[in-house]
Amino acid sequence: MVKGTGEALAGAKFKVEKVSGERIGEYTSNSAGLVNISGLEDGIYVVTEIKAPDGYRIDTNPKNVIVKAGELATVEFENAKMSSVRIKKIDSVTKDPIPGVRFLIKDKNKNIVGEYTTDSDGYIELENELEQDEHPIDYLEEGKYYAEEIQAAPGYIRDTQERTFRVKRGETTEIVWENTAQYGQIQVIKKSKDYNSINGLPAGTLLQGATFEIYDKAQNVVDTVVSNERGLAISKLLPLGRYTIKETKAPKYYGVS
């Protein structure tokens, strides 16, 4: 049952043994939160919860129960709702998730709880039975915590601001944290390869009017640029990464490269 409310819980798993250590079996609570075991001999039995329902903290205290013929012996277990924290790291512009960001979590006394890294979906989830980077967390107590970004993902600027958050009993605290990408520009220089007999311009002449499309690694067009009178075609600010450039229109009297 739920600690504090008495609400029935399905899915709790229990191990039942005789006090001598002889194993009777494993049983799971039904939708009414009950496990019914019949046919037991008189004696003392030990019941241990070995798995709590999802979202609840396991009751680690084994309980003894005395079975007598013709009598119904009962034993109760209570499970407290787990407190948890979910950190989501996203791009400040695209809102896409950012994997590979490392965080340091501290308790209210600034003692280190552990270091954690966002997964492929940009999440860190701190809850019961989580173990990451060899720092186990059995559960998070209620109270104040601190989160500090200690390493940004490649191509992003680390957020140096320490954040505070509170864990409330039985609730999931979600922190959405944005990172700004580092930006650069692409500059294309357009020159004639050979002497042009039509306009009389020699090889190496800077050419105006060439059009280029810039593609990201997913082959999306992220910018279109045109060379100026100095033969320069300069992109807008783009996040750091790998890009492909394709000439789509050549200057007059020249062919597309």
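Visitor: Which residues is Thr211 in contact with, leaving aside its neighbours within four places in sequence?

Guide: Contact here means heavy atoms within 4.5 Å. For Thr211 the list is Thr224, Val225, Val226, Lys246, Glu247, Thr248 and Lys249. Before we go on, this is a predicted model, where local features need pLDDT of at least 70, side-chain atom pairs count only at pLDDT 80 or more, and totals for chains, interfaces and linings use all residues. Residues are numbered from 1 along each chain as its sequence is written, and side-chain values use heavy atoms, with hydrogens and water left out.

Visitor: Where is Thr211, and is Thr211 buried or exposed?

Guide: Look in strand β16. Strands (E, at least two residues) and helices (H or I, at least four) are DSSP runs, numbered from the N terminus. As for cover, buried means under 20% relative accessible area, exposed over 50%, and partly exposed in between, using a 1.4 Å probe and protein chains only. Thr211 has 14% relative accessibility, so it counts as buried.

Visitor: Okay, aromatics next. How do I read a ring pair?

Guide: You describe a pair of aromatic rings by the distance of the centres and the angle of the planes. Rings of Phe, Tyr and Trp (its six-membered ring) pair if their centres lie within 6.5 Å; planes under 30 degrees apart are stacked, over 60 edge-to-face, and the rest tilted. That rule gives three aromatic pairs here. Take Phe14 and Phe77: the centres are 5.0 Å apart and the planes are at 55°, so the pair is tilted.

Visitor: Which parts of the chain does the pair of Phe14 and Phe77 tie together?

Guide: Phe14 is in strand β1 (residues 13-18) and Phe77 in the loop between β4 (63-67) and β5 (84-91), so the pair ties together parts 63 residues apart in sequence. Both Phe14 and Phe77 are buried. Phe103 and Trp177 also make a tilted pair, at 4.9 Å centre to centre with 50° between the planes. Here Phe103 belongs to strand β6 (residues 102-106) and Trp177 to strand β13 (residues 172-179), 74 residues apart. Phe103 and Trp177 are both buried.

Visitor: What sits over the ring of Phe77?

Guide: The charged end of Lys63, 4.2 Å from the ring centre. For this feature, NZ of Lys or CZ of Arg must be within 6 Å of the ring centre and within 35 degrees of the ring normal. Lys110 does likewise with Tyr146, its charged end lying over the ring at 4.4 Å from the centre. You'll find Lys110 in the loop between β6 and β7 (112-117). At 40% relative accessibility, Lys110 is partly exposed. Lys110 also has a positive phi of about 65° although it is not a glycine.

Visitor: Which residues make the nonpolar surface patch of about 280 Å²?

Guide: Val19, Ile44 and Ile66. Patch residues have over 30% relative accessible area and no salt bridge; like charges are joined within 9 Å, and nonpolar side chains (Val, Leu, Ile, Met, Phe, Trp, Tyr) within 5 Å. A salt bridge puts a side-chain nitrogen of Lys or Arg within 4 Å of a carboxyl oxygen of Asp or Glu. Val19 is in the loop between β1 and β2 (23-28), and counts as exposed at 56% relative accessibility.

Visitor: What does Asn64 touch, not counting residues up to four places away in sequence?

Guide: Ile44, Tyr45 and Val46. Asn64 lies in strand β4 and is exposed, with a relative accessible area of 56%.

Definitions and conventions. Areas by Shrake-Rupley, 256 points an atom, 1.4 Å probe, with all protein chains shown as cover.
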